[in-house]
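Subject: The structure we talked about

Hello,

Please have a look at it before you read on.

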Amino acid sequence: MTTTTGNPPIPLELVDLLYSTENVTVLTGSGISAESGVPTFRDAQTGLWAQYNPHDLATPEAFERDPRLVWLWYEWRRRLIADAIPNSAHTALVELEQLILHFRLITQNVDGLHEKAGSESIIELHGNILRTKCYEDGQIIEKWDDDDHIPPHCPDCNGLLRPDVVWFGEALPNEALTAALRASQNCDLFFSVGTSSVVQPAASLADHARQSGAAIVEINLAPTPLTPFADFVLRGSAGQIIPMLVESTFHK
Ligand code: BV8
């Protein structure tokens with residue numbers, strides 16, 4: 001394992017690998033959005049929400065118990081995200097997508113910042129907070145006129161509306177999970193960026209990649225359960241490291 005920290009020169013071995021490969025898969029977590037001002041999932045709870053554990057709110061049980069509270073939490077998070085601008089890490093991944101023949105981006109994030117940055121091949125494992133669906137039948141609802149109720153009611157069946165995200169205890173969208181597994185099992189290089197590598201089944205994608213022979217690269221400010229298994233550990237911020245990686249590899 002090669003570990004570089006701070007403002008790291010990218011290991012030459014990794015530069016050569018990235019330059020020569022045609023198959024790269026990247027998994028991102030909330031750490032990549034932190035430099036856009038979107039607090040990470042574990043750091044998000046401030047102000048009124050500081051008293052709540054996100055794991056307790058991001059569940060169907062919480063919504064069943066108190067739909068108003070959960071809806072208001074997501075409204076608060078949507079406002080946090082509305083003004084967020086993709087940062088240099090998101091932008092560098094857009095450039096990498098154009099430089100690598102088979103590039104696949106898997107994100108655990110629900111903030112839509114990869115799409116905002118211009119990434120095209122995005123696999124959203126946990127949905128998207130900017131989309132709303134009917135709690136009863138899962139149909140995506142783009143507009144509703146029931147602003148008297150919180151949460152609003154579905155215009156078609158009068159059920160409650162909810163964010164189109166995957167809550168703890170809910171299955172991931174089958175198509176997204178299948179695509180993510182395929183992308184992890186068919187790459188030469190697998191990057192794990194800004195994720196605590198705790199939430200399953202996303203956290204197991206790196207194992208699938210490693211078992212399929214890929215080199216594993218972790219980009220994170222801190223160690224995670226993946227760190228001991230990574231071939232390269234680039235300790236630092238994604239906003240610094242990913243642009244450096246693209247620069248060192250393709251603009252040398
Ligand atoms: C399921 C949407 C089954 C909602 C989210 C196996 C073992 C143990 C537990 C389980 C298991 N299988 C399933 C579980 C239960 C559970 C789980 O994993 N629990 C954890 C807590 C142990 N998993 C589930 O429930 C999943 N469902 O498996 O269903 C099933 C099957 C069939 C039928 C029915 C059921 C669903 C999981 C999805 C949950 N939804 N999001 C919402 O956002 O409101 S996950 C949520 O947490 C986020 O989306 C995010 O993905 C995740 C937090 O993870 P990270 O992204 O990693 O963020 P975090 O804050 O933790 O870490 C940030 C990292 O960034 C840190 O490492 C930090 O150092 C780093 N960082 C910070 N700044 C920077 C940086 N790095 C670089 N640069 C920086 N600048």
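Before the rest, some housekeeping. This is a predicted model, in which local features need pLDDT of at least 70, side-chain atom pairs count only at pLDDT 80 or more, and totals for chains, interfaces and linings use all residues. Residues are numbered from 1 along each chain as its sequence is written, and side-chain values use heavy atoms, with hydrogens and water left out.

Back to T28, then. T28 belongs to strand β2 (residues 23–28); helices (H or I, at least four residues) and strands (E, at least two) are DSSP runs, numbered from the N terminus. Its side chain makes a polar contact of 2.8 Å with the side chain of H114. By polar contact I mean a pair of N or O atoms within 3.5 Å; within protein, one must be able to donate a hydrogen and the other to accept it, and residues adjacent in sequence count only if both atoms are side-chain atoms.

Now the ligand. Around the ligand there are 35 residues, and the closest are R42, Y74, R77, S196 and N220; a residue is near a molecule if one of its heavy atoms lies within 4 Å of it. This shell divides into 16 nonpolar, 15 polar and four charged residues. Here Ala, Val, Leu, Ile, Met, Phe, Trp, Tyr, Cys and Pro count as nonpolar, Asp, Glu, Lys and Arg as charged, and the others, Gly among them, as polar.

The ligand taken alone exposes 1,500 Å², and the protein buries 73% of that (areas from the Shrake-Rupley method with a 1.4 Å probe).

The ligand takes up the space of the largest pocket. A pocket, on a 1 Å grid over the protein atoms alone, is an open set of points where a 1.4 Å probe fits, with protein on both sides within 12 Å along at least five of seven lines. A molecule sits in a pocket if more than half of its atoms lie within 2 Å of its grid points.

Next, the backbone. Most residues other than glycine have a negative phi, and most peptide bonds are trans.

N158, in the loop between β5 and β6, is not a glycine but has a positive phi of about 70°. N158 is exposed, because its relative accessible area is 54%. S197, in the loop between β7 and α8, is likewise not a glycine and has a positive phi of about 50°. S197 is buried, because its relative accessible area is 14%.

Finally, some pairs to look at in the viewer:

- S30 is in the loop between β2 and α2 (54–57). S30 and V193 are 163 residues apart in sequence, with 8.8 Å from C-alpha to C-alpha. S30 is partly exposed, with a relative accessible area of 23%.
- A179 lies in helix α7 (residues 174–185). A179 is partly exposed at 22% relative accessible area.
- E115 is in helix α6 (residues 113–117). E115 and P86, 29 residues apart along the chain, have C-alpha atoms separated by 9.1 Å. E115 is exposed, with a relative accessible area of 54%.

How values were computed. On a 1 Å grid over the protein atoms alone, a cavity is a set of points where a 1.4 Å probe fits but cannot get out, and a pocket is an open set with protein on both sides within 12 Å along at least five of seven lines; lining residues have an atom within 4 Å of a point. Buried means under 20% relative accessible area, exposed over 50%, partly exposed in between (1.4 Å probe, protein chains only).
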